[in-house]
Amino acid sequence: MNISAPFIRRPVATALLMLGLLLAGIAAYPFLPVAPLPQVDFPTIQVSATLPGASPETMASTVAQPLERQFAQISGVSQLTSTSVLGSTQVIVQFALDRDIDGAAQDIQTAINAAGGQLPKNLPSPPTYRKVNPADSPVMILAVSSDVLPITQVDEFADTMLAQQISQVPGVSQVNIGGEQKPAIRIQVDPAKIASLGMSLEDIRAVAATATVNAAKGSIDGADRAFTIYDNDQITAASAWNDVILAYRNGAPVRVRDIGRAVDGPESTKVSAWQNGKRGVLLTVFKQP
C-alpha cells in the first residue's frame, strides 16, 4: 500500500491539512519552553592566596604551582586554571557535573593543608576558597571613591558597611570587592644610615615582624584568685612606630626615626580601581540562582 496515494488523490484535503498544521504550529510556538542557554550549575571552587609585594612570576612558582599539584590529585577535577598577578593568585578548580560541591570543598581544604609545607612561610594568611558558578554574571557593579578621604578609609567603608548591607538584600548571593586597599604602615629607610650602623633591611624586617604581635600576656595567681593579664600592644599608628627600638649600638637604642620614618598608607599601591579618574574600590553584586 502506497501511503502517499490518498494525499495525491485528494489534493484539496491535503492542502487544508497542511494549512491546519501550520496554523497550529504558529499558535504553539510562543509557548515552547526553549531557553538560549541551559541553566547549569558547574561545581567550581575558587582558591585565593595573597603575598604582598611578590611578582606574578613568584606567585606562580611558589604559590600557584604547589596548590595546583595538590588539586590535580583530587578525583573528579575536569579543569584547572590559575591566574597570578602582583601579590595575588587565584586558582579555579572545576569538577565534573556529577561531583557534589560540598564534598569537593572538603577535598580542596584537605589539599590546601597538604600544600601548606610547600607554600612561602611569610604568607600573611592561608589560602582561602569559595564556591562559585562561572555561568553567573554580575547584576550590578558599584564604584566607590572620595575626593577628601584616603583610599584606605574608602575601602573600609565599602567593606564593613556597604558590602555587608548589600549582601543582606533578598536575591543577592555574594558581593565581591575589587581594588581593595587595606591600611598599612610603611617604614621608609635611609640605606646610608643603616649601612653606617652595620644593619641590613632584613634586620629591620625581622624586628618589625615581631614588634606588634597580639600575644598572650599571662596571668597572676593568688591564694584565692587568678587574674588574666590583658593588654593589646599592637601598634596601629605610624607615629608610634617611629619610637620602636630596632637594635642597640654603642649602648644606645636605634629607633625607627634614627634611620628613617614610618608613614601611613595602603597595603598595596599597585592595586586599585579607577572610576572617572579617581581611585576607589568596585563592588560586584551577584544574584542568587
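The exercises below, each with a worked solution, concern a predicted model.

**Exercise 1. The Asp102 pair**

Find which residue forms a salt bridge with Asp102, and state what parts the pair ties together.

Solution. Start with the contact: the closest N and O atoms of Asp102 and Lys131 are 2.5 Å apart. A salt bridge requires a side-chain nitrogen of Lys or Arg within 4 Å of a carboxyl oxygen of Asp or Glu, and Asp102 with Lys131 forms one.

**Exercise 2. The Asp243 pair**

Locate Asp243 and Arg257 in the secondary structure and describe the contact between them.

Solution. The contact is a salt bridge, with the closest N and O atoms 2.1 Å apart. Asp243 sits in the loop between α8 (238–241) and β10 (245–249), while Arg257 is in helix α9 (residues 256–259), so parts 14 residues apart in sequence are tied together by this pair. For exposure, the class between under 20% (buried) and over 50% (exposed) is partly exposed. Asp243 has a relative accessible area of 40% and is therefore partly exposed. Arg257 is partly exposed at 45%.

**Exercise 3. The partner of Arg99**

Which side chain meets Arg99 in a salt bridge, and how many salt bridges are counted in the model?

Solution. Arg99 meets the side chain of Asp107, at an N to O distance of 2.3 Å. Asp107 has a relative accessible area of 27%, which makes Asp107 partly exposed. The count for the model comes to 4 salt bridges.

**Exercise 4. Sequence and space**

Compare the separation of Asp221 and Ala262 in sequence with their C-alpha to C-alpha separation in space.

Solution. In sequence, Asp221 and Ala262 are 41 residues apart. In space, their C-alpha atoms are 39 Å apart. Asp221 itself is part of strand β8 (residues 219–221). With a relative accessibility of 62%, Asp221 counts as exposed, because the cut-off for that class is over 50%.

Definitions and conventions
Residues numbered from 1 in each chain as written. Predicted model: local features only at pLDDT ≥ 70, side-chain atom pairs only at ≥ 80, totals over all residues. Heavy atoms only, no water. Buried < 20%, exposed > 50% of the residue type's maximum accessible area, 1.4 Å probe, protein only. Helix = DSSP H or I, 4+ residues; strand = E, 2+ residues; numbered from the N terminus.
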